[in-house]
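Please walk through this protein chain step by step.

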Amino acid sequence: MLPVGGHESAGAGGVHGPGRELRTALRDRPRAVAVPMTLGRDPGLAPAAGQTLAWAARDRAPGDLLLAGPLGTVTHLVGWVRAAVMRVLREGEFDGAVLLVAPAADPEADAELFKVARLVWRYLPVRWVEVALTGGEPGVAEGVERCRRLGAGEVALVPASLVPPPAFPGTVPAAGPLLGRAALTALIRDRAAEAERRWDRDGDDGLAAAASHGHGHTHTHVHDHADTHDHGGGHERRRNAAFPETTQQRLEEATAHGG
């Protein structure tokens with residue numbers, strides 16, 4: 001297994017970039033399965049890794065190099081972030097704002113994070129869910145200041161990627177990583193095993209699909225059919241309604257994988 005990452009897993013140990021780093025790693029491996037470490041906000045990662053694999057596969061037997069499906073989708077990300085927020089709430093009385101933190105990327109990926117914040121906010125008993133982008137705008141300092149201007153007495157930093165948020169004075173630290181080490185390892189193995197089964201069943205190495213996706217639609221849709229309203233300041237009511245069945249199920253699954 002070769003985890004391949006971009007901005008959502010920047011700096012993570014054992015994760016290879018989709019270009020030169022992946023090419024180098026493939027030299028010593030007669031067979032490999034590359035797993036794109038995206039949580040739905042890096043649609044170009046799999047096509048880039050697929051291109052590298054396709055080039056390396058010219059001198060390999062069919063099936064020696066496989067491209068797995070992505071680690072997760074935006075729907076998974078929403079569930080995992082909700083589970084992380086619930087861990088903050090379980091640790092004690094909290095009536096402040098949640099600040100989702102992830103590395104900055106391109107405009108579409110950054111905009112996707114604001115959509116994630118909206119969906120996370122919808123079914124959790126927190127008044128505000130805001131966004132900060134490390135290395136971008138709004139940064140963590142700006143995000144914390146916005147939360148305080150909205151009236152939050154506490155601000156909890158919650159990771160919205162595989163990169164831990166930086167420490168910031170006067171905030172509630174993240175209640176662990178977005179995904180625990182054991183859960184992350186299990187997910188990578190699951191994706192690699194799925195790729196092996198797909199090859200055995202269909203003779204599909206995943207490279208053609210990645211190339212097709214790279215030339216087509218470049219972002220993931222997550223639909224929320226609720227009434228449109230601001231997820232930030234001025235909204236005083238709490239959302240204690242029951243989760244829709246599918247949302248509740250995904251949150252429970254995410255919580256199970258988050259420990």
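Predicted model: local features only at pLDDT ≥ 70, side-chain atom pairs only at ≥ 80, totals over all residues.

Residues are numbered from 1 along each chain as its sequence is written, and side-chain values use heavy atoms, with hydrogens and water left out.

The protein has 8 helices and 6 strands. Helices (H or I, at least four residues) and strands (E, at least two) are DSSP runs, numbered from the N terminus. Read from the N terminus, the order of elements is β-α-β-α-β-α-β-α-β-α-β-α-α-α. Of the 259 residues, 49% are buried. Buried means under 20% relative accessible area, exposed means over 50%, and partly exposed lies in between (1.4 Å probe, protein chains only). A contact means heavy atoms within 4.5 Å. Among contacts with a separation of 6 or more, 76% are between residues 24 or more positions apart.

Strand 1 (2-4) and strand 2 (32-36) run parallel and are joined by 3 bridges; two strands pair if DSSP finds at least two bridges between them. A crossover is right-handed if, with the strands pointing away from the viewer, the path from the first strand over the helix to the second runs clockwise. Strand 2 is also joined to strand 3 (residues 65-67) by 3 bridges, again in parallel, and A32 has L65 as its bridge partner. The path from strand 2 through helix 2 to strand 3 is a right-handed β-α-β crossover. In strand 2, A32, A34 and P36 point one way and V33 and V35 the other way, and all are buried.

Further along, strand 4 (residues 97-103) and strand 5 run parallel and are joined by 7 bridges. V98 stands opposite V129 of strand 5. Strand 5 (residues 128-134) has 6 of its 7 residues buried, so it is largely enclosed by the rest of the structure.

How far apart are the end C-alpha atoms of helix 4? They are 23 Å apart, which agrees with the 22 Å that its 16 residues should span at 1.5 Å a residue; the expected span of a helix is 1.5 Å times one less than its number of residues. Buried residues of helix 4 include L113, V116, A117 and W121, and their cover includes helix 3, strand 4 and strand 5. At the start of helix 4, a side-chain oxygen of D106 comes within 3.0 Å of the backbone nitrogen of E108.

Next come the cores. In soluble globular proteins, nonpolar side chains tend to be buried together. A nonpolar core is a set of buried Ala, Val, Leu, Ile, Met, Phe, Trp, Tyr and Cys residues joined through side-chain atoms within 4.5 Å. The largest one here has 44 residues, and V81, V85 and L100 touch the most other members. Helix 3 gives the largest share of this core, 9 residues. Leaving aside neighbours within four places in sequence, L100 is in contact with residues including V81, V116, V129 and V158. Another core, of 15 residues, lies apart from the largest one, and among its members are L22, A34, A49 and L65.

Finally, look at some single residues. A polar atom of its side chain lies 3.1 Å from the backbone oxygen of R41. R127, in the loop between helix 4 and strand 5, is buried as well, with a relative accessible area of 18%. R127 and G96 are 31 residues apart in sequence, and their C-alpha atoms are 7.0 Å apart in space. P138 lies in the loop between strand 5 and helix 5 (140-150), and the peptide bond from E137 to P138 is cis, with omega near -5°.

Key:
Polar contact = N/O pair within 3.5 Å; in protein donor to acceptor, adjacent residues only side chain to side chain.
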